[in-house]
Amino acid sequence: MQKYKTYAAGYLFLLPWLIGFILLYLSPIIASLYLSFTKYDLLTAPKWIGFENYKTMFTDDYRLGDSIKVTFQYVLLSVPFRLAFALGLAMLLNQGMKLLGLYRTIYYIPSLLGGSVAISVLWKQVFDKEGIFNQGLSFIGIEGPNWIADPKYAIYSLIGLSVWQFGSVMIIFLAGLKQIPQELYEAATVDGASIFRKFSKITMPLLTPVIFFNLTITLIQSFQTFTKAFIISNGSGGPINSTLLYSLYLYIKGFTFLDMGYASAMAWLLLVIIAAFTGLLFLTSRYWVYYSDGRN
């Protein structure tokens, strides 16, 4: 009898979480899947149209192709630069510096503020034609372009803001570096190993589980980027679709054109894209991720 009471108490303990999961996560997911097969404008009842939304996506929506291209460019550039920058700073902070806690906090601040609307507005001003960045270039005789309004450079302002939000990734890298035994570096020094050889033969292999974690999380977050593109482009994805990230275009279709059925179909396509890239990472991880117990 006591056994069943224990089980009942456990179920009651999980009940609030289960109710929240069903109402806030599972129900919207199911509703989104249903709406993706309908024409729904938020004002009238959804009308079932089958696979028309998916057919339109692949045959009759050139802006969707532009948004996918821009998003891939953003992800493929911002993710590796962000990881490399964060790792470099983590290794610098791992050198036994004084006031390490203070520096760690200072470097983490961009991650706390970088996703906010205020910082996106500030970033827009920094890279404007008369912004601080171009003023700095003018001191060395370079006339900078309007980084926000020029289609050739607009996406790079978003990439720069993403790289600037390196704090959380850096903290995780720093924690991983702290777990590497110092005896390995000392032995390598005795053997005459160079700094580069220590990095390639000790640091990188032992840090691959942390790299894998940061890479996966950062990749998923990058595909879902919205706020930066919305603020910098004034919600349009311009100029000439150069900052039209996928999530921004999804928002435009759903809340500007009130085509929520099509936006729901886009959300499911994004889920498939993210799942494909994440699955690829997990499949390839056996070849380059090494754990302390010898597993790959």
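I looked up burial first: of the 296 residues of the chain, 39% count as buried (under 20% relative accessible area with a 1.4 Å probe, protein chains only). The model is predicted, so I kept to local features with pLDDT of at least 70 and side-chain atom pairs at pLDDT 80 or more, while totals for chains, interfaces and linings use all residues. Residues are numbered from 1 along each chain as its sequence is written, and side-chain values use heavy atoms, with hydrogens and water left out.

I then checked secondary structure and found 13 helices and 2 strands (DSSP runs numbered from the N terminus: H or I of at least four residues for helices, E of at least two for strands).

Next came contacts (heavy atoms within 4.5 Å). Of those in the chain with a separation of 6 or more, 67% are between residues 24 or more positions apart.

I turned to the UniProt record, an unreviewed entry, which annotates "transmembrane region" at residues 12-37, 72-93, 105-123, 153-177, 229-252 and 264-289; such annotations may be inferred rather than shown by experiment. Residues 72-93 are 100% helix and 0% strand, with end C-alpha atoms 32 Å apart. Residues 264-289 are 96% helix and 0% strand, and their end C-alpha atoms lie 35 Å apart.

Last, I looked at α12 (residues 246-256) against α13 (residues 260-288): the angle is about 160° and the axes are 7 Å apart (lines fitted to C-alpha atoms over the stretch in contact, angles from 0 to 180 degrees between N-to-C directions). That makes the two helices roughly antiparallel (over 145 degrees). Residues meeting there include Tyr-249 and Leu-250 in α12, and Met-266 and Leu-270 in α13.

How values were computed. Angles under 35 degrees count as roughly parallel, over 145 as roughly antiparallel, 65 to 115 as roughly perpendicular and the rest as oblique. Buried means under 20% relative accessible area, exposed over 50%, partly exposed in between (1.4 Å probe, protein chains only).
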